[in-house]
Amino acid sequence: MLLLAIAIYLLLRAEEKPALAAWAGVPVALSYTVRPTDSLFVLIFTAYVAVRHRRYLIHYLLAAAPIAAIFLAYNFSIYHFPLSPYYRSHLDGFYPRYWSKLAVGLAGNLVSPSRGLFIFTPVFLFSAWSMIRGKWKTPLAPWLATLVLLHWLVVSSYIANWWAGHSYGSRFFTDLMPAFVLFLIPYFERWETFSRGFAFCS
C-alpha cells in the first residue's frame, strides 16, 4: 500500500512537475519485489509514463534498474532462476475449462462473507461507481481503473487459492487501497453539498 501510494502521489504531482514521473520508477520497482501481483503496477505505470511523460521514460527506467538488478541477482543466487517459486503461480482461471471456477473467484473477491471487498469495506462501492462513471479529474485515473480491473481478474484466476489462504477479509485487494481511496475524492469534494442536503431533509 505504501509503495503504491507513493507511486500515485509522484505521478499525480508530475502533472505540475513532470520530472517527478522519473522517480516513480523506484516505488514501482520495489512494489514488485514485495508481491508478484504488483507486476500489474509495473506494466500500467510504465505504460502511463511512456504515454504521458515520454520525455522522462528513460529516467524512470534508470531509477528502477538498480532495484531490478539486485532482485534478479538475489534470485539467481538462491534459486538459479530469475524468479522464486512464489512468483511462478499458475493462473488457471484463464483457461476455458476453468471459467466456472474463475466466476466463483470473481464473485468471491467482491461479495464473499469472509473475503468480499464490498462486505468488509462497503464504502468502496462509491469508488467503483466513480470508476464506472468515468468523471475523472486526473489523466492517471483511467489507468488506475484499468489496474483495479486487471488485478481483480488476476487474483480471481488463481483458482487454487483465490481466497488468499488463512486470512480475514479481502487480503488480495489490500495493495489497491490507495487507488480505491483516490476514487472517493470526488465525493469528499461535494461533501458540503451532501451535508446541506441532509440538513434540509431533517
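**Close-up views of a predicted model**

**View 1. Salt bridge between Asp175 and Arg35.** Asp175 and Arg35 form a salt bridge, with 3.1 Å between the closest N and O atoms. A salt bridge here is a side-chain nitrogen of Lys or Arg within 4 Å of a carboxyl oxygen of Asp or Glu. Asp175 lies in the loop between H9 and helix H10 (177–182) and Arg35 in the loop between helix H3 (25–34) and H4, so the pair ties together parts that are 140 residues apart in sequence. Helices are DSSP runs (H or I, at least four residues), numbered from the N terminus. Asp175 counts as buried at 8% relative accessibility, and Arg35 counts as buried at 13%. Buried means under 20% relative accessible area, exposed over 50%, and partly exposed in between (1.4 Å probe, protein chains only).

The model is predicted: local features need pLDDT of at least 70 and side-chain atom pairs count only at pLDDT 80 or more, while totals for chains, interfaces and linings use all residues. Residues are numbered from 1 along each chain as its sequence is written, and side-chain values use heavy atoms, with hydrogens and water left out.

**View 2. Salt bridge between Arg52 and Glu15.** The count of salt bridges comes to two. In the Arg52–Glu15 salt bridge the closest N and O atoms are 2.8 Å apart. Arg52 is in helix H4 and Glu15 in the loop between helix H1 (2–13) and helix H2 (20–23), 37 residues apart. Arg52 is partly exposed at 43% relative accessibility, and Glu15 is partly exposed with a relative accessible area of 31%.

**View 3. Aromatic pair of Tyr48 and Trp143.** The structure holds eleven aromatic pairs. Rings of Phe, Tyr and Trp (its six-membered ring) pair if their centres lie within 6.5 Å; planes under 30 degrees apart count as stacked, over 60 as edge-to-face and the rest as tilted. The ring centres of Tyr48 and Trp143 are 5.6 Å apart and the planes are at 75°, so this pair is edge-to-face. Tyr48 is in helix H4 (residues 39–52) and Trp143 in helix H9, 95 residues apart. Tyr48 is buried, with a relative accessible area of 1%, whereas Trp143 counts as partly exposed at 24%.

**View 4. Ring cluster.** Tyr32, Phe71, Tyr86 and Tyr87 are linked into a cluster by ring pairs.

**View 5. Buried residues of helix H6.** Leu102, Gly105, Leu106, Gly108, Asn109 and Leu110 are the buried residues of H6. These buried residues pack against helix H7 (117–120) and helix H9 (141–157), where contact means heavy atoms within 4.5 Å.

Methods:
Helices (H or I, at least four residues) and strands (E, at least two) are DSSP runs, numbered from the N terminus.
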